[in-house]
Amino acid sequence: MAGSKSGNAESGAGHVVERRKPMGKIVVLGQLTACPAEVFGPKASRLHDLLLRGSPTVGGFALAAEEHVRHLKRNNLSPEATCDEVEQTSLEMHLARELGYAAVGLGGRLAVRSSALNEDGPSQSQAGKYLTLLNVEPNGLMEAIVKVWASAHSPRLPAGQKFVPMGIIVQPMLVADAYGVVAGANPLTGGTSAVIEIGAMPMTVTSGQAVDERYEVRHDLTVDPEPTADSLASLKALRSAATIAWKMRDDEHQEFELEFGCTDEGIMILQARPIGIPETKATLDPPPPPGNWILDPVHYPRPLTPLFESIFAPLVSKVSGEVFAEYGVFARSIELKSIYGWPYVRVVPLSDIAAPSLPGALIGLATRVHPQLRDRTSASEFALTRNLPAKHVADWQQTVAPTALAFLSNLSDQRIQSFSNDKLRGSLTVALEQLELVMVSNYQTDFAHLIPLARFVNMMRHHHGWDDATSLVLVHSGADSRALYPAAMENLASEFAQNDSVEERLRSVGSGGLDWVAGSDENARRVWEDHRKRWSFTLLGYDLDEPTLGELPALERRTLIAILDGARERPRKALGDSTALSNSERAQLIDAQKWFHIREQGESVKAGVLGAIRVLALEIGRRLEVASVVPHAQTALYFTIDELRSACLDATAVAGSIPSDRENERKRRSAETPEREFGRPTKRDPDLRWLPKASRDVHSAVMLLGQNEILPSIIGAVDTLLGRAASPGTHTGKVRIIRDASQLSGVEDGDVIVAASASSTWSSGFWVAGALVTEAGGLLSHSAIVAREMGIPAVIGVEAATTKLHDGDLITVDGAAGRIIRRLSAGTDGPIEE
């Protein structure tokens, strides 16, 4: 049982055995005697079970509720007796003697708590209705028990509530540094982070009298706000409280609120009561699916549209599974799924044995004896021996990319509004087929650049102690980028500059598009037509609710003017120095640079196909709007792909309010803060040294991408924000918050783009911007690569950058140090003191 300071949880706990001692009117909590809820009350029974499970819980003993009934009878009182009448009574001598004996081992002052038969059960709490007495002297125990019993007759109880017998819990008084309450989920919003309130005095938190500190603990055990040295609760205590609450929820299939104290030895549970969560949450959301799910804000900064998810999520699983098998990756596939409205990804295990997480030499042994791992190891050997990466690059360059671009070019030459419904549906089907082919090739060619890149990164780490950032920046400095959008814009600007009348029209205030700018100049029009066919469908983001380049002619026009005004002649910053490399290191560097941009080329073609799907979907939506089936064309994005196909055949097939409901639900989810992670993460970093060479190369490539693309953001101070250095250089400029690609047209010269994330197709806005700051991303995320390509400083992975910074704030971005300093807040007259 607990001592006077911390409460010894172990002393009350025992091993659970099938045969228990017969129970009497008094049971010691946590010992082998049974403590059923129908006899001692749910609250006492739950404390008893927590102790038996080994949870850090204050012990004590419980008195059966039947003694309450007997006490009333002995004193000739009915169950309808008043609180005052019960308080005037005294305990029967024999019972008082037994209680005194039971209390001897508790020592010091006591806590006396109610445990009514209707209190803290699965369906009702009664929290705050009954009395709890603290700091009770041992010689005042009998009087305290009577007072707690009397609270069952109190006028505070709900009108019409019948008498309910009450058990009693007696515990040693826990003297703690702080006291708190933790709920495993937010009882107001249903959010899945644990919510903790801390106070300096017992009972003040549960009663709502004084809450000194409030915290939220996410499933990755990050705490917001993080406690300081002066806080009442430590980081360890908060994480421990949340973990216990989650475990209890998993064991009981019910959310609980735990009252606890913080001591030098850790937290100690005082009592536990079930709580409800909002019905909307329980109705809309099943429990998180099994497995370790990671939020992906790098690619999807908002909840997914139903149309995009219904197209993309199955493709991610299918395509990754095929390519993982081809290259021998020790995983079945990558899975994309919306959980509580937000997009999460997970790596689906190949089997129960995850070779890279095994210790030491067992990895090598597993690849020889485990059938699936042995087959995957052979696949890696076959893929690299037959030089599949080079063959896949050739296939991409000669077949997949030209076919997809030919489809986009052909589609751009046609007036989609004039398509019949059948042709519209057929074009959508072809676009989906092209998307799958492009994604397969993208996954395959990823290995062509990631394998040599990982070899170089690992070589420089072992030879010189370089970190990944130094190696990746050096590789990027010499990589060929001629196939990317910035090069295409330079080519277009160069052609427009050859004709004064074309450049004059470009700079005029007229509202015409770039086809008007090109005018009758044959060369300018030819270059513009080639550019339009290649890039007009390009989606400026990842989801289908983002616009295409063709929908924002002003953005490209502004970019061309920026180039002609000298932005293209701005010298690209020296990103790294290869002069100190040995011959073998330089050869590996050249190999790593050879296909470095193949991934960005693949992304740009995929963005084009996705943009075509958006345009076709919006045309279907326009027709449904004309037929009064949907309120506006954008509603098409809230159908699934199967529903959209059906709409091409029969508009009435999709009539109803489901898309509107989905649109409203997405807006509601967008206002929530998602969990960063669900499920149990891998505890051990993979040790690849014991794998055969080909398998080691493949998995080094996979690890490099995983460690440098989707990463948690970094928390900084109020006016000095921290993140990851992504592109070197320093720039001071005004903040321009970008929440979707349509806002890129508003970026002024020298502005710092601040966004949740950015896609590679945002480079059209980078010509004008002076720096980039994002909340999500790693060194191999597309936004980081394009920032380095454009030669602008970038800091990525900055926690809550879009809320901590505001439009007009003057900030300095240090892309080499990964630091942002706010110099002047918008609307103020002077600098912020640092």
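The dialogue below takes up helix packing, then strands, then single residues.

Author: Please note at the outset that this is a predicted model.

Reader: How should I describe two packed helices?

Author: In general, two packed helices are described by the angle between their axes and the distance between the axes. Here, helix H14 (residues 421-464) and helix H25 (residues 693-707) have axes that come within 8 Å and cross at roughly 90°.

Reader: Which word describes how H14 and H25 stand to each other?

Author: Angles of 65 to 115 degrees count as roughly perpendicular. H14 and H25 are therefore roughly perpendicular to each other.

Reader: Which residues of H14 and H25 meet?

Author: On the H14 side they are Phe-447, Leu-450, Ile-451, Leu-453, Ala-454, Arg-455, Val-457 and Asn-458. On the H25 side they are Lys-693, Asp-697, Val-698, Ser-700, Ala-701, Val-702, Leu-704 and Leu-705. Sorted by class, this contact of H14 with H25 comprises 11 nonpolar, 2 polar and 3 charged residues.

Reader: Is Asp-697 buried or exposed?

Author: The test is a cut-off: buried means under 20% relative accessible area. Asp-697, which lies in helix H25, has a relative accessibility of 9% and therefore counts as buried. Leaving aside residues up to four places away in sequence, Asp-697 touches Leu-384, Ile-451 and Arg-455. Ile-451 and Arg-455 are also among the H14 residues that meet H25.

Reader: At what angle do helices H17 and H20 cross?

Author: The axes of H17 (residues 500-507) and H20 (residues 553-564) cross at roughly 125° and come within 10 Å. These two helices are therefore oblique to each other, and their crossing is left-handed. H17 contributes Glu-503, Arg-505, Leu-506 and Arg-507 to the contact, while H20 contributes Arg-557, Leu-560, Ile-561 and Leu-564. By class, the contact of H17 with H20 has 4 nonpolar and 4 charged residues, with no polar ones.

Reader: Let us turn to strands. In what order do the strands E12, E13, E14 and E15 form a sheet?

Author: The 4 strands form an open sheet in the order E13-E14-E12-E15, with antiparallel pairing. Strand E13 (331-339) and strand E15 (677-678) stand at the edges; each has a single partner strand, so one side of each lacks a neighbour in the sheet. Within the sheet, strand E12 (residues 293-295) pairs with strand E14 (residues 342-349) in the antiparallel sense over 2 bridges. Leu-295 stands opposite Tyr-344 in E14.

Reader: Which strands pair with E19 in the parallel sense?

Author: Strand E18 (residues 730-738) runs parallel to E19 and is joined to E19 by 4 bridges. E19 also pairs with strand E20 (residues 771-774) in the parallel sense, over 4 bridges. Arg-736 has Ile-753 as its bridge partner in E19, and Val-752 stands opposite Ala-771 in E20.

Reader: Which residues lie on each side of E19?

Author: In E19 (residues 752-755), Val-752 and Val-754 lie on one side, and Ile-753 and Ala-755 on the other. All of these are buried, and both faces of the strand are covered.

Reader: Finally, how far apart in space are Leu-51 and Leu-29?

Author: They are 7.2 Å apart, C-alpha to C-alpha, and 22 residues apart in sequence. Leu-51 lies in helix H3 (residues 42-52). With a relative accessible area of 0%, Leu-51 is buried.

Conventions: Residues numbered from 1 in each chain as written. Predicted model: local features only at pLDDT ≥ 70, side-chain atom pairs only at ≥ 80, totals over all residues. Heavy atoms only, no water. Axes fitted to C-alpha atoms, helices over the stretch in contact; angles between N-to-C directions. Parallel < 35°, antiparallel > 145°, perpendicular 65-115°, else oblique. Left-handed = near helix turned anticlockwise from the far one by under 90°. Contact = heavy atoms within 4.5 Å. Nonpolar A, V, L, I, M, F, W, Y, C, P; charged D, E, K, R; others polar. Buried < 20%, exposed > 50% of the residue type's maximum accessible area, 1.4 Å probe, protein only. Pairing = 2+ DSSP bridges.
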